[in-house]
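Here is a short report on one protein chain. It covers strands, aromatic rings and a helix pair.

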Amino acid sequence: MSDSVRALVAGNWKMNGVIASAEELQQMATDLGSADPGCEVMICPPSTLIGFFQRIVGDGPIEIGAQDCHVNEKGAHTGDISAEMLADVGATTIIVGHSERRQNHGETDSTVKAKAEAAWRAGLKAIICCGESDDQREAGRALDIVGTQIRASLPEGATAENTTIAYEPIWAIGTGKVPTIDDVAEMHAHIRGTLVDIIGDGANKMRILYGGSVKPGNAPELMSVENVNGALVGGASLKAEDFLGIIAAYNR
Ligand code: PGA
């Protein structure tokens, strides 16, 4: 069952980080050393840093991921970056459909689905994000909204190996607010059930991450909820000390 799934703690740096930020990554790598951290660990820096960061982490326990990609492999798309280009500089995974992409760039479920397929085409894994707004939760529609997003964003051919789901309630992102443990458990069980319904028993091995104001202080409780197989961390992934504090939830 899902408890046997190896967790993933992934840091999403968003539009933060310059060459000098490699110091934080270096500290994470040094602290983790070669011992098993008890989970998989990933940092998704801005695209400008992916190649550089990949050279720093080498074959160590930290993987480098990307935050977005274009759906096409190449062409006349000024300013865009393809999944193949991200693979070329060492990314192993691409986050697709983050709520900031959905809100700020008008990405629909079908765009998100095409981006997940683009990641696979390049030989990479996809982290598909979903999550309800404050209004949607207040209206009692959270489960319905997230279920619908998953059905429309998950491409055919999704497996536990090529796809991770990240549940991120929009109102919890960067706000310091987190859902109750019961709400997290209810949503993650709903997502698990939806995934099993779509792809069958294999979905029991698919990771479902929780994201939204995860910090070292709340990580142990959040990460112990059934069907929570890791975290997608924004703000607290920028500082080695905080990110390592979250990873420690898996290393007790
Ligand atoms: P946060 O962001 O941890 O800063 O709330 C989470 C995310 O957007 O992935």
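## Strand pairing

In this predicted model, Gly11 stands opposite Ile43 in β2. The two strands involved, β1 and β2, pair in the parallel sense. Five bridges hold that pairing. Between them the chain passes through α1, and this β-α-β crossover is right-handed.

On to β3, residues 62-66. Strand β2 runs parallel to β3, and three bridges join the two. Here Val41 stands opposite Ile62 in β3. The chain gets from β2 to β3 through α2. That β-α-β crossover is right-handed.

## Burial of β2

Strand β2 spans residues 40-44. Four of its five residues are buried, so the strand is largely enclosed by the rest of the structure.

## Aromatic rings

A pair of aromatic rings is described by the distance of the centres and the angle of the planes. The structure holds three aromatic pairs. One of them joins Trp13 and Phe53. Their ring centres lie 5.4 Å apart, with 90° between the planes. This pair is edge-to-face.

The Trp13 and Phe53 pair links distant parts of the chain. Trp13 sits in the loop between β1 (8-12) and α1 (22-32). Phe53 belongs to helix α2, residues 47-57. Trp13 and Phe53 are both buried.

Phe53 also pairs with Phe52. This pair is tilted: 6.0 Å centre to centre, 50° between the planes. Together, Trp13, Phe52 and Phe53 form one aromatic cluster.

## Buried or partly exposed?

How do Phe52 and Phe53 come to be classed as they are? The cut-off for buried is under 20% relative accessible area, and exposed means over 50%. Phe52 has a relative accessible area of 26%, so Phe52 is partly exposed. Phe53 is at 0% relative accessibility and therefore counts as buried.

## Helix packing

Helix α7 (residues 142-153) packs against helix α8 (residues 181-199). Their axes are 10 Å apart, at an angle of about 35°. The crossing of α7 past α8 is right-handed.

Which residues of α7 and α8 meet? On the α7 side they are Ala142, Leu143, Val146, Gly147, Ile150 and Arg151. On the α8 side they are Glu186, Met187, His190, Ile191, Thr194, Leu195, Asp197 and Ile198.

Terms used: Residues are numbered from 1 along each chain as its sequence is written. This is a predicted model: local features need pLDDT of at least 70, side-chain atom pairs count only at pLDDT 80 or more; totals for chains, interfaces and linings use all residues. Side-chain values use heavy atoms; hydrogens and water are left out. Rings of Phe, Tyr and Trp (its six-membered ring) pair if their centres lie within 6.5 Å; planes under 30 degrees apart count as stacked, over 60 as edge-to-face and the rest as tilted. Buried means under 20% relative accessible area, exposed over 50%, partly exposed in between (1.4 Å probe, protein chains only). Two strands pair if DSSP finds at least two bridges between them. A crossover is right-handed if, with the strands pointing away from the viewer, the path from the first strand over the helix to the second runs clockwise. Axes are lines fitted to C-alpha atoms, for helices over the stretch in contact, and angles run from 0 to 180 degrees between N-to-C directions. A crossing is left-handed if the near helix is turned anticlockwise from the far one by less than a right angle, and right-handed if clockwise. Contact means heavy atoms within 4.5 Å.
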